Amino acid sequence: MDTQKLLKNLKTRGFIPAYFESGKEAAAYVCSLIADGESVGSGGSVTITSLGILQTLVERGNKVYSHSTVPESERSVVYQKAGSADWYITSANAVTEGGELVNIDGAANRVSALCFGVKKIIYIIGKNKIAPTLEAAIYRAKNVATPLNAKRLNKKTPCAVTGRCHDCNSPDCICNVTTITHHPTKYQTEVHVVIAGEDLGY
Ligand code: SF4
């Protein structure tokens, strides 16, 4: 994997790329982008949780909307607030060396916020999520990221048992919407893609 090529391709596509050797450095950079008083939305990202970014922002006084910290009955309200915050922080299920971002969602709260409604977006992506092609990125999302997420969320899907995708139609399926982000949209003012030189999340 050629990191310089990835960063160059991200920039050509209109993203604001950055690279740090460690997730810790990447997290400090992300927090430095967000001003006092700005609000932040986020989904249930293992990467973001493992880096303690939301906790740092809460302690700093930023308003943070993340459904993973509230009961199921309150989630739809938090989804709406997260989707209209000043910033949205997420990882991705995969990024291609060509600079495209692939995400698969169950409730689509994350992908909808990434497509429209939030003007400033930050992706933090560990090197384990870099795929050579778009086909490999989608394969990774379905056969690496989603089975582990299904298991973590106690979903009754075949992938949670076998560790690979069976293209299920299960009521518990969390592959309801797949997005490929080729460029920032006109409505968005800043879309940062922060790559870390270590494995983060899945
Ligand atoms: S389609 Fe079903 S089996 Fe395949 S990864 Fe998604 S939830 Fe798992």
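**Exercise 1. By class, how many nonpolar, polar and charged residues does the shell around the ligand have?**

Solution. This is a predicted model, in which local features need pLDDT of at least 70 and side-chain atom pairs count only at pLDDT 80 or more, while totals for chains, interfaces and linings use all residues. Residues are numbered from 1 along each chain as its sequence is written.

Step 1. The ligand is surrounded by 15 residues, where a residue is near a molecule or strand if its C-beta atom, placed from the backbone, lies within 6 Å of it. The closest are Thr146, Cys159, Cys165, Cys168 and Cys175.

Step 2. Helix 7 (134-152) and helix 8 (158-162) are the elements that give two or more residues to this shell. Helix 7 supplies the largest share, four residues.

Step 3. Sorted by class, the shell has nine nonpolar, four polar and two charged residues. Here Ala, Val, Leu, Ile, Met, Phe, Trp, Tyr, Cys and Pro count as nonpolar, Asp, Glu, Lys and Arg as charged, and the others, Gly among them, as polar.

**Exercise 2. Determine the order of the strands in the open sheet and which strands stand at its edges.**

Solution. Step 1. The protein has eight helices and 10 strands; helices (H or I, at least four residues) and strands (E, at least two) are DSSP runs, numbered from the N terminus.

Step 2. Six strands form an open sheet with parallel pairing, in the order 1-10-7-4-2-3; two strands pair if DSSP finds at least two bridges between them.

Step 3. Strand 1 (16-20) and strand 3 (64-66) each have a single partner strand and stand at the edges, so one side of each is left without a neighbour in the sheet.

Step 4. Within the sheet, strand 7 (residues 120-126) pairs with strand 10 (residues 190-196) in the parallel sense over seven bridges. Ile125 has Ile195 in strand 10 as its bridge partner.

**Exercise 3. State which strands helix 1 and helix 2 lie across, and give the angles.**

Solution. Step 1. Contact requires C-beta atoms, placed from the backbone, within 7 Å. Axes are lines fitted to C-alpha atoms, for helices over the stretch in contact, and angles run from 0 to 180 degrees between N-to-C directions.

Step 2. Helix 1 (residues 3-12) lies across strand 1 and strand 10, and runs at about 160° to strand 1.

Step 3. Helix 2 (residues 23-33) lies across strand 1, strand 4 (87-90), strand 7 and strand 10, and runs at about 165° to strand 10.

Technical notes: Contact = placed C-beta atoms within 7 Å.
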